[in-house]
Amino acid sequence: SGVPTSSAHSTEAGMCTKIVEWTMPIASDNCGSTTLVGSAFSGSAFPVGDTQVTYTATDIHGNITKETFNITVIDEEFPTISGLPADLTTSSMPGVCGATVAWGEPIIDDNCGIASVTTTNERGSLFEVGTTTVTYTIVDVNDNVTEASFTVTINDVENPVISEMPSDLLLDNDPGECGAVATWELPTASDNCSISSFESDHASGDQ
């Protein structure tokens with residue numbers, strides 16, 4: 001009598017087991033003494049999952065009675081990640097609309113074990129101009145998930161370039177006109193990212 005009822009427990013902090021204690025049941029028989037043997041001892045550390053504990057009572061004539069109960073251990077501890085940088089800001093690289101950015105390898109830990117680590121952006125990869133959120137996702141072997149993020153901001157510090165500008169022009173006035181039509185080869189504009197607008201206050205062919 002007194003066999004414990006089934007119970008559920010969370011893992012010990014930082015451990016992948018739980019120490020579970022219970023009161024030892026009592027065996028009795030009509031013919032005298034009995035032996036009582038359990039498949040596990042009170043105060044043992046039980047792993048994550050279900051463990052069936054069986055007590056077997058045997059009387060002096062070999063008659064046997066078995067009683068069982070279950071101990072369920074649940075891992076509710078989330079993985080940890082440390083060593084991620086604070087938000088990062090840097091300038092674009094020459095001729096590139098972005099920059100490569102690296103940071104230290106983060107430290108990842110879990111009480112039971114890591115199943116997967118994924119990140120939206122790899123260390124040392126190219127980041128485009130603007131702000132990108134880098135997110136690490138860690139899943140442990142018992143499907144607990146931790147996410148951690150920081151931002152990488154790339155500022156475009158490179159001015160546009162105007163190429164093939166014509167030299168200064170010196171013209172005679174057109175006959176009968178107090179001026180002249182001027183023409184030239186159009187220059188070009190380029191930029192490490194892109195050109196938003198390219199305008200001139202006078203056009204080739206204007207008077």
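User: In which loop is the place of glutamate 164?

Analyst: This is a predicted model, in which local features need pLDDT of at least 70 and side-chain atom pairs count only at pLDDT 80 or more, while totals for chains, interfaces and linings use all residues. Residues are numbered from 1 along each chain as its sequence is written, and side-chain values use heavy atoms, with hydrogens and water left out. Strands (E, at least two residues) and helices (H or I, at least four) are DSSP runs numbered from the N terminus. On that numbering, glutamate 164 is placed in the loop between strand E15 (161-163) and strand E16 (188-190).

User: What is the phi of glutamate 164, and is the residue buried or exposed?

Analyst: Most residues other than glycine have a negative phi. Glutamate 164 is not a glycine, yet its phi is positive, at about 60°. Accessibility is classed by relative accessible area, with buried under 20%, exposed over 50% and partly exposed in between (1.4 Å probe, protein chains only). Because its relative accessible area is 60%, glutamate 164 is exposed.

User: Where is aspartate 143 found, and what is its phi?

Analyst: Aspartate 143 is found in the loop between strand E13 (130-140) and E14, and its relative accessible area of 62% makes it exposed. Although aspartate 143 is not a glycine, its phi is positive, at about 70°.

User: With which side chain does the side chain of glutamate 147 make a polar contact?

Analyst: Glutamate 147 has its place in strand E14 (residues 145-155) and counts as exposed because its relative accessibility is 57%. Leaving aside residues up to four places away in sequence, glutamate 147 touches Thr135, Tyr136 and Thr137, where contact means heavy atoms within 4.5 Å. A polar contact is a pair of N or O atoms within 3.5 Å; within protein, one must be able to donate a hydrogen and the other to accept it, and residues adjacent in sequence count only if both atoms are side-chain atoms. At 3.4 Å, the side-chain partner of glutamate 147 is threonine 137.

User: Which residue forms a salt bridge with arginine 123?

Analyst: A salt bridge is a side-chain nitrogen of Lys or Arg within 4 Å of a carboxyl oxygen of Asp or Glu, and by this rule the count comes to two. One of them joins glutamate 12 and lysine 18, with the closest N and O atoms 3.5 Å apart. In the salt bridge of arginine 123, the closest N and O atoms are 2.7 Å apart, and the partner is glutamate 105.

User: How many residues apart in sequence are the parts that the pair of arginine 123 and glutamate 105 ties together?

Analyst: Arginine 123 lies in the loop between strand E11 (114-119) and strand E12 (125-128), whereas glutamate 105 lies in the loop between strand E9 (98-101) and strand E10 (107-109). The parts that this pair ties together are therefore apart in sequence by 18 residues.

User: What pattern do the disulfides of the protein follow?

Analyst: With a disulfide taken as a pair of cysteine sulfur atoms within 2.5 Å, a search of the whole structure finds two. Cysteine 16 and cysteine 112 form a disulfide with sulfur atoms 2.0 Å apart, and cysteine 97 and cysteine 193 form a disulfide with sulfur atoms 2.1 Å apart. When bonded cysteines are counted along the chain, the pattern is 1-3, 2-4.

User: Why is the disulfide of cysteine 97 and cysteine 193 assigned its handedness?

Analyst: The torsion about the S-S bond of cysteine 97 and cysteine 193 is about 100°, so this disulfide is right-handed.
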